[in-house]
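The model is a predicted one.

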Amino acid sequence: MFFKGHRKLQTQLYLAYLGIILFFLGTFSMFFYVFVSGKLKDEAFERLYNNNLTLKDSVEANIEDMDNVSININYSSIVENTLSYDFNLNQDRNSYKRLADLFVMLNGTNSRADYIYLYDLEGTCLQVDSVQKLTHIDLESLSWYQPVLSKKGSLFLSTPYEKKISAYTTDVISLYRTYVNSNRKTVGIVETVKNCKSLFNAIIRFEKKATTPTRIYIYNERKELIYPYQTDLEIPDYPSVSKSNTGTSFNGTRVEQITNPTTSQKEYLTSLPSDYTGWTYYAVQDEADILAPLNDLTRVLLIFVIIMILIASIVSHYLAKRLAHPIAHLKHIIQRMQLSNLGLESPASYPVFSVELKELYDSFSEMNQKLRASRDQLLKVQEAELEARSLALQSQMSPHFYYNSLSSIMILAENGDTKSVAGMCQNLSRIMRYVTDFKTRVVSIREELDYIKEYLYCMKMRNQSSLHYELQIDDSLLDITLPKLCIHPLVENALKYGTNCSPPWRVKIYSIIQDDFWKICVEDTGPGFSEEAIQHLDTQIQTFASNSSEMPKLQINGLGLANIYIRMSIYFEHDFIFEYGNTKEGHAFTAIGAFCRKEK
């Protein structure tokens with residue numbers, strides 16, 4: 001039982017070792033997490049930026065191909081020579097067929113532009129698509145006409161729109177440039193048209209195959225959505241949202257954390273403006289997708305930490321046990337130490353790995369040997385004392401026997417039974433010789449039973465047919481030794497108190513033998529022990545057990561049972577049996593015995 005606040009040494013060592021290991025493990029895990037999480041974020045942001053840059057370059061290259069077609073038409077001398085000075089497209093069929101073939105040649109085999117249109121300012125249009133023909137259009141009614149003229153030769157890109165070609169409709173983007181003659185006068189407009197699927201093919205393929213969901217948005221300088229060109233979803237106004245100056249810089253651009261105004265979700269965004277087209281490319285990823293590798297790292301690190309804690313706990317327990325067990329072993333040796341086994345159990349053979357523990361064990365062994373030597377010296381002194389105490393107890397029994405025997409003879413003499421008196425005197429002589437032989441303190445059960453038979457004969461002569469007795473002692477017990485006059489008081493007690501009732505009276509003396517003990521029991525048919533008698537006897541025995549050096553005072557005609565307990569404890573030490581009480585029928589019983597020494 002430990003005091004409140006105290007812990008076992010092994011527990012203290014275990015907690016100390018575990019605390020140290022957990023401190024370093026926690027410190028390492030924290031710095032590792034901070035370092036690796038920063039690297040993962042940097043890689044994710046840089047990957048987002050690089051993907052946006054790659055897709056921008058791909059789209060810009062397609063726009064540049066379309067623009068090159070329009071520039072080549074603008075600077076083609078064939079076009080200028082074919083048309084009149086005032087750039088009149090109302091030519092004969094062969095003339096505009098030559099122009100159409102020229103456009104196809106300038107477009108190249110890889111069809112940098114899907115469709116080509118050439119307008120004069122009068123509204124005549126040379127159309128080169130699935131068919132080649134001249135048409136007339138009201139240019140003033142077209143939304144792109146005035147913005148293209150205001151560009152004065154610079155390119156102008158439309159937003160995606162649906163264009164019907166033959167029997168089907170497709171989404172396209174047009175690139176416009178004004179056509180100027182040799183005098184630098186605007187006389188017409190060149191339009192090159194590209195299918196949106198072809199123009200944004202790299203983005204479409206990327207969005208389908210990207211391992212981390214990434215959304216690409218393209219806006220022109222008028223904040224009009226260019227890509228995605230077909231969507232039913234509500235798309236946030238990213239040009240308005242992306243105005244923060246905070247963010248992580250990669251190669252001159254910024255990765256911003258924004259809140260999607262539509263979904264209210266946290267997102268990371270990078271934007272790349274184009275000076276060539278005037279478009280701004282936005283690459284957007286959800287925060288959850290950006291941090292997914294970081295979350296995976298967190299889970300792996302958590303599993304690692306849990307495993308390391310388990311390993312640390314096992315290692316700490318092992319180290320604590322290795323240090324504390326030698327001390328616990330020494331404690332158990334001390335707890336088992338008694339006067340009877342001093343010097344028999346030595347801790348020197350127990351394996352220890354500490355110099356201090358080895359010195360402690362050696363010091364304890366030396367102390368143990370000194371105690372054994374002191375005990376042997378003390379036992380020699382106690383032997384003489386025990387002999388004196390045993391003689392004192394035996395002499396205490398003798399007056400008691402005299403009193404009871406003489407009382408019996410007196411009764412027989414009063415009845416005039418001289419023969420019985422003579423027989424009792426003869427038995428009493430043998431009894432007194434047995435009792436007063438102080439040289440003999442230990443006898444066999446056989447000798448004690450011979451004496452009891454003579455005693456019972458005297459009692460039988462006194463009580464005649466009112467008394468019946470029975471002896472059933474196993475022959476294997478007859479040679480066992482015990483203190484002299486230990487069984488007799490039990491029989492005397494049974495006769496004295498077992499006859500406090502109407503006759504006939506019965507006394508039974510029998511033995512019980514088990515593997516590890518034997519005992520001799522005495523039962524009577526009297527009223528049994530009273531509660532007061534049992535309590536009084538318990539008090540006497542407890543007094544002696546707590547202070548064995550002080551013998552309780554016994555009257556000559558006393559109960560005598562405490563006397564037997566003292567003598568048995570002196571002779572058998574802790575290996576004796578002493579029982580008393582009442583049977584189920586309410587009769588008294590007493591028993592003495594001992595445990596087999598070879599078993600102990």
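## Helices on the sheet

Helix H13 (residues 488-498) lies across E15, E17, E18 and strand E20 (588-595). The direction of H13 makes about 20 degrees with that of E18. Helix H15 (residues 561-572) also packs on the sheet, where E18, E19 and E20 are touched by it. Between the directions of H15 and E19 the angle is about 160 degrees.

## The five-stranded sheet

The sheet is open and consists of five strands in the order E15-E17-E18-E20-E19, with mixed pairing. Strand E15 (467-472) and strand E19 (576-582) each have a single partner strand, so one side of each has no neighbour in the sheet. From one strand to the next, the twist averages 10 degrees.

Within this sheet, strand E17 (residues 505-513) and strand E18 (residues 517-524) run antiparallel and are joined by seven bridges.

## Nonpolar cores

The largest nonpolar core has 53 residues, and Val491, Ile509 and Ile592 have the most contacts inside it. Helix H12 (residues 445-463) supplies the largest share of this core, nine residues.

Which residues does Ile509 touch, leaving out those up to four places away in sequence? They are Ile452, Leu456, Glu470, Leu471, Gln472, Ile473, Val491, Ile520, Cys521 and Val522. Another core, of 25 residues, lies apart from the largest one; among its members are Val59, Leu155, Leu157 and Leu175.

## Annotated transmembrane regions

An unreviewed UniProt entry places the feature "transmembrane region" at residues 12-36 and 300-320. In the model, residues 12-36 are 100% helix and 0% strand, and the C-alpha atoms at the two ends are 35 Å apart. Residues 300-320 are likewise 100% helix and 0% strand, with 30 Å between the end C-alpha atoms.

## The chain as a whole

The chain has 600 residues, of which 41% count as buried. Its secondary structure comprises 15 helices and 20 strands. Of the contacts in the chain with a separation of 6 or more, 64% are between residues 24 or more positions apart.

Note on methods: Residues numbered from 1 in each chain as written. Predicted model: local features only at pLDDT ≥ 70, side-chain atom pairs only at ≥ 80, totals over all residues. Heavy atoms only, no water. Helix = DSSP H or I, 4+ residues; strand = E, 2+ residues; numbered from the N terminus. Buried < 20%, exposed > 50% of the residue type's maximum accessible area, 1.4 Å probe, protein only. Contact = heavy atoms within 4.5 Å. Core = buried A, V, L, I, M, F, W, Y, C linked by side-chain atoms within 4.5 Å. UniProt positions renumbered as here; feature names shortened; annotations may be inferred. Pairing = 2+ DSSP bridges. Axes fitted to C-alpha atoms, helices over the stretch in contact; angles between N-to-C directions.
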